[in-house]
Amino acid sequence: MGSDGKRKKRGRKSKTQTTLDPTTSTINDEVFSVNNVEIVNSATPTSANHLENRRGRPKKRLRRSPEKTPPLINGEIGVGTPVEGVARVVPAMDAVVKVFCVHTEPNFSLPWQRKRQYSSSSSGFVIGGRRVLTNAHSVEHYTQVKLKKRGSDTKYLATVLAIGTECDIALLTVNDDEFWEGVSPVEFGELPSLQDAVTVVGYPIGGDTISVTSGVVSRIEILSYVHGSTELLGLQIDAAINSGNSGGPAFNDKGECVGIAFQSLKHEDAENIGYVIPTPVIKHFIQDFEKKGAYTGFPFLGIEWQKMENPDLRVAMGMKPDQKGVRIRRVDPTALESEVLQPSDIILSFDGVDIANDGTGSCISSYVQSRHLKELTVYKVPFRHGERIGFSYLISQKYTGDNAAIKVLRNSKTLEFVIKLSTHRRLIPSHVKGKPPSYYIIAGFVFTTVSVPYLRSEYGKEYEFEAPVKLLDKLLHSMPKSPDEQIVVVSQVLVADINIGYEELVNTQVLAFNGKPVKNLKSLANMVESCDDEFLKFDLEYDQIVVLRMKTAKEATVDILTTHCIPSAISDDLKP
């Protein structure tokens, strides 16, 4: 929601594909961690002795005047001392830990069972309050999580406090007091600028010890978060991020954490392009958890919008020459915004920040006191002078339940509303957030709901090209008509005598049962179980129908479940 409506074109796949991969240590995953690193030039006493042992003409010993010799603290150059040759300060690497996770994923194609468990390793780092941050995809579908400190041979059992799927961040803790001995939490820094130096630390593939890579910030913009299927602020860096780096911190030249490494660009024409979750997103996640005791997510406007860059379009919509904004294409009927916003409204400003015709907000501070809001609030897009960013960033800075002032142009009249922000569900959800899939079985017909994990299970990573067109159309364009609406499909037909002729039905949507619309899977299961009619009639997509005799269908179900070793005909969440 809240996008300009750009959609991928369907058709033959290009030979060259660009993919963004979460960086975990399994298959395409990467994880990294950070240690204390101090870079000193050959002018130090230790490095001067090293020069004498090198082959070739011996170099003269470097001399220093007493007043220029840096003080030593615990045998090392003092932090913050202006010494030539010290590139930057990096905090103690003892705060970076290695994360070991055992995953047990649901089997969406066979929803009554789970897949074989597998292990992964990634990185994390200690923050205040005896907590550890890592990536959400590093502990997704976890069964057990362990942490190991640098230089230690002990793995400590960890507890997962919160998982932020949208922002790809997870919060952990360890109950064993021994784990926290001698560990200092990292300090967070401000959002870096372009060309600022960054150092990424983690445990990538290629070795067992900690790894450090350096680079600069090359881009700051709204990025696509692959794991969360969302768009949030992100940093692009040119430091190498490899498999196993997920969850590792990125530090600036002051030794402050400015982000979490989480994904990289895989393309034959691209090298060393990695992405980092910046501190504004991290702090939003942490504060959301601290305020409400649980992660509630990032709010989104339940709308789709269109750019207003064409001058004729602006005139036709009644906009004055000095007015700018974006046109609302559609409003999610289940969103609170639908009570005040309408299609063809022009959004002029959000929380006092003017919106440009291309959907960006200006990078200046503005002080606004709306007649609807009691307190004076500072609204700011915190970027360098001359840069702009999509106004969705302003929305993501708010919390679920917060109020926001929005100014729109409707029929050449300017209106101002206060809306309550919330998270919005998609008709086909991108994540099940750890929940096992729902299913219902009658006469060998396996009914389930469609989600992105389900499509990926059925059609692989290329599901966007392989899945049925009608399901993809609903994934990309459809909005739910009610908060509990689901896409229910016949996943497969477990062959038996009773369902002869229906064996080839696969992933076909169920529209109605005995003439009544199917709203969700639970309503379908209730209607079938309470049916007293002689026949069970299912209306499917593509004008197909399935008719079964009710009595024999329910009798055959017991034998089919026994044959396929299925413990129950209905998932636990659907049981009364």
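Is S138 buried or exposed, and what is its relative accessible area? The close-up views below, taken from a predicted model, begin with this residue.

**View 1. S138 and its polar contact with S122.** In this predicted model, S138 is found in the loop that runs between strand β6 (131-134) and strand β7 (142-149). S138 has a relative accessible area of 1% and is therefore buried, since a residue counts as buried when this value is under 20%. The side chain of S138 makes a polar contact with the side chain of S122, at a distance of 3.3 Å.

**View 2. The aromatic pair of W112 and Y439.** A pair of aromatic rings is described by two values, the distance of the centres and the angle of the planes. A search of the whole structure finds 12 aromatic pairs. In one of them, formed by W112 and Y439, the ring centres lie 5.9 Å apart with 70° between the planes, and the arrangement is edge-to-face. This pair links distant parts of the chain, for W112 belongs to the loop between β4 (96-103) and β5 (118-127), whereas Y439 belongs to strand β27 (residues 439-442), and the two are 327 residues apart. W112 counts as buried because its relative accessibility is 15%, and Y439, with a relative accessibility of 5%, counts as buried too.

**View 3. The aromatic pair of F179 and W180.** The ring centres of F179 and W180 are 4.9 Å apart and their planes stand at 90°, so this pair is edge-to-face. Both F179 and W180 are buried.

**View 4. An aromatic cluster of Y440, F445, F447, Y502, F513 and F538.**

**View 5. Lysines over the faces of tyrosine rings.** K291 lies over the face of Y399, at 4.0 Å from the ring centre. In a second example, K470 lies over the face of Y542, and here the distance from the ring centre is 4.7 Å.

**View 6. Helix α8, its buried residues and its N-terminal cap.** The buried residues of helix α8 (residues 521-529) are L521, L524, A525, M527 and V528. They cover an arc of only 165° around the axis, and therefore they lie on the same side of α8. An α-helix has 3.6 residues a turn, so residues three or four places apart point the same way.

Methods: Residues are numbered from 1 along each chain as its sequence is written. This is a predicted model: local features need pLDDT of at least 70, side-chain atom pairs count only at pLDDT 80 or more; totals for chains, interfaces and linings use all residues. Side-chain values use heavy atoms; hydrogens and water are left out. Rings of Phe, Tyr and Trp (its six-membered ring) pair if their centres lie within 6.5 Å; planes under 30 degrees apart count as stacked, over 60 as edge-to-face and the rest as tilted. Helices (H or I, at least four residues) and strands (E, at least two) are DSSP runs, numbered from the N terminus. Buried means under 20% relative accessible area, exposed over 50%, partly exposed in between (1.4 Å probe, protein chains only). A charge sits over a ring if NZ of Lys or CZ of Arg is within 6 Å of the ring centre and within 35 degrees of the ring normal. The arc is that of the directions from the helix axis to the C-beta atoms. A polar contact is a pair of N or O atoms within 3.5 Å; within protein, one must be able to donate a hydrogen and the other to accept it, and residues adjacent in sequence count only if both atoms are side-chain atoms.
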